Amino acid sequence: MEKSLNEYAALLKEKGLLASSGVNEAGDLPVCGITYDSREVKKGYLFICKGAAFKKEFLEKAVQAGCIGYVSETDYEIAGVPNIIVNDIRDAMPHIAKLFYEIPEDFKVIGITGTKGKTTTAYYIKSVFDEAMRMQGKPEIAFISTVETYDGKERISTGITTPESFELYRHFKNACDSGIKYLVMEVSSQALKYKRTDGITFDTGVFLNISEDHISPVEHPDFNDYFKSKLKLFSQCRTAVVCADTDKYEKVMAAAKNAEDIITFGIENEADIRAAGISAKEESTAFSVKYKENIYEFLLNMRGSFNVENALAAAAVAFHYGLPYEAVNAALKKVSVPGRGEEYSSADGMIKVIVDYAHNGLSVRNIIGMAKEQWKGRKIVAVFGCPGGKGLNRRRDMGLAAGELSDKIYLTADDPAKEKVADICAEIGGYIKQTGGSYEIIEDRREAVIAAIRGCGEPSVVLLLGKGAENTQRMADGPAEYESDSVIARMALEEYNKNLSCSGGRE
């Protein structure tokens with residue numbers, strides 16, 4: 001049922017956010033849509049004025065398109081246009097979205113946060129639920145991730161970890177209207193800090209790990225701010241699912257007590273759900289899980305103990321909801337994640353290429369450590385860069401990790417935005433030099449990937465890090481098309497195989 005302007009003003013007053021209301025005689029008008037994008041406005045919409053770069057002309061365009069009023073921190077004094085003035089527009093937005101979309105109480109949202117592994121874990125959980133739903137003849141569950149979003153009505157590529165509250169609630173509503181009862185989503189520190197997820201009660205909140213990341217003037221000023229933002233998840237979830245092996249475990253568990261219930265999982269430390277017997281099986285990983293009095297055997301369709309940790313999180317969530325072991329096992333055997341641990345090989349086995357989203361020091365150490373363990377004695381070649389204007393600590397952490405563990409490093413573009421690629425690479429290179437390592441700068445990422453693969457004169461593992469399955473580069477003037485590391489790697493390997501065939505193979 002559509003709510004009136006008066007009802008939105010009353011809600012914001014109740015939440016202590018209303019500065020003034022100018023709805024007057026228009027207060028009974030029904031709101032039939034909400035948006036902060038003037039290009040989306042239709043007759044009867046309530047327009048939200050948000051953003052540091054907001055201009056009055058955006059509001060004027062919304063009025064021309066038929067908006068019946070606006071919510072803003074500023075009174076733009078447009079004659080005849082009702083307004084609701086608030087003291088914090090970011091605080092107001094999730095309350096507006098929640099009132100407009102009216103999500104039923106029985107819709108369950110599962111949120112995942114952590115420095116690394118959110119996307120992989122989200123895919124694991126979705127795959128497990130989908131398998132269980134398939135067994136029951138029910139539709140697949142909804143999903144919001146860095147890679148893609150599915151809500152029963154839309155299946156779209158994304159590129160942002162957690163969207164704004166209006167988009168979140170729209171996806172929730174679409175899922176509900178499609179008969180879907182569960183949604184799993186990644187929850188970024190930025191979403192928690194800037195209140196995109198305020199008002200959401202997560203039925204389950206998963207905390208994977210914590211390490212220094214996203215430290216910059218436009219993200220988090222320091223680690224404490226980053227960590228505090230992550231822990232906010234526990235203040236709005238019913239059940240907390242926590243990795244017992246995470247750094248800062250005691251502080252994490254102290255915050256988790258805000259939830260009604262806590263479940264722990266891990267490999268190294270005691271936990272409610274614990275893995276053991278981890279072993280590599282060709283292109284998969286076998287492990288067992290102890291839960292209560294039972295032992296379960298799993299085969300994961302990805303390599304690395306860090307992925308076992310992510311799979312454990314999925315198993316913990318699945319068992320919490322009473323999903324059968326058969327569904328968990330079947331899902332983990334076949335699930336794959338775009339741009340996460342993708343493997344490609346040359347025909348002669350000389351070159352193994354791994355495409356992975358590893359984009360901070362900890363994830364780089366994990367992926368290189370896995371490669372060294374899996375392919376002992378091979379040369380390790382790393383190709384990566386760092387984004388411009390954010391995550392500035394990554395330049396140090398990734399540089400030190402790659403410098404210590406790699407044999408050859410190519411530094412290149414990775415969403416440079418308004419910074420020069422050469423300057424970013426030079427800064428990373430300074431940290432590589434501290435380890436005694438060396439590097440080569442090839443600014444064009446496509447050329448860097450090709451050079452790394454072509455340059456393998458001995459058995460090697462080439463790690464293409466940081467971009468995963470992304471097919472754009474964030475440049476100074478906006479996003480630019482990029483083929484993706486996977487596409488370029490396959491092309492370079494095809495060329496290698498063709499040359500190998502023409503030459504009759506290596507001696």
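Start by selecting β13 and strand β14 (residues 273-281), which pair in the parallel sense over 2 bridges. Strands here are DSSP E runs of at least two residues, helices are H or I runs of at least four, and both are numbered from the N terminus. Two strands count as paired if DSSP finds at least two bridges between them. Show Phe265 next: its bridge partner in β14 is Ile273.

The model is predicted, so local features need pLDDT of at least 70 and side-chain atom pairs count only at pLDDT 80 or more, while totals for chains, interfaces and linings use all residues. Residues are numbered from 1 along each chain as its sequence is written, and side-chain values use heavy atoms, with hydrogens and water left out.

**On to β12**

Pick Val242 and look across to Thr264 in β13, which stands opposite. Now trace the chain from β12 through helix α8 (residues 249-256) to β13: this β-α-β crossover is right-handed. That means the path from the first strand over the helix to the second runs clockwise when the strands point away from the viewer.

**The six-stranded sheet**

Select the open sheet of 6 strands, in the order β17-β18-β22-β19-β20-β21, with mixed pairing. Which strands stand at the edges? They are β17 (342-345) and β21 (440-441); each has a single partner strand, so one side of each is left without a neighbour in the sheet. Zoom in on β17 and strand β18 (residues 351-356). They run antiparallel, joined by 4 bridges. Ser345 stands opposite Lys352 in β18.

Helix α12 (residues 393-405) lies across β19 (379-384) and β20 (408-411), and runs at about 160° to β19. Helix α13 (residues 421-434) lies across β19, β20 and β21, at about 155° to β20. Angles run from 0 to 180 degrees between N-to-C directions, with axes as lines fitted to C-alpha atoms, for helices over the stretch in contact. Contact means heavy atoms within 4.5 Å.

**Two positive phi values**

Most residues other than glycine have a negative phi. Select Ala417, in the loop between β20 and α13. Ala417 is not a glycine, yet has a positive phi of about 55°. Ala417 is buried, at 13% relative accessible area. Buried means under 20%, exposed over 50%, and partly exposed in between (1.4 Å probe, protein chains only).

Then go to Lys195, in the loop between α6 (189-193) and β11 (202-207). Lys195 also is not a glycine, and has a positive phi of about 70°. Lys195 counts as partly exposed, at 22% relative accessibility.

**Glu164**

Select Glu164, in the loop between β9 (155-157) and α5 (165-177). Is Glu164 buried or exposed? Glu164 is buried, with a relative accessible area of 13%. Its side chain makes a polar contact with the side chain of Arg90 (3.4 Å). A polar contact is a pair of N or O atoms within 3.5 Å; within protein, one must be able to donate a hydrogen and the other to accept it, and residues adjacent in sequence count only if both atoms are side-chain atoms. Leaving out residues up to four places away in sequence, Glu164 touches Tyr36, Lys50, Arg90, Met93 and Arg196.

**Last stop: cysteines**

Show Cys49 and Cys67. The sulfur of Cys49 is 8.1 Å from its closest cysteine sulfur, in Cys67, which is too far for a bond. A disulfide needs two cysteine sulfur atoms within 2.5 Å. The whole structure has 0 disulfides. Cys49 is buried at 6% relative accessibility, and Cys67 is buried at 10%.
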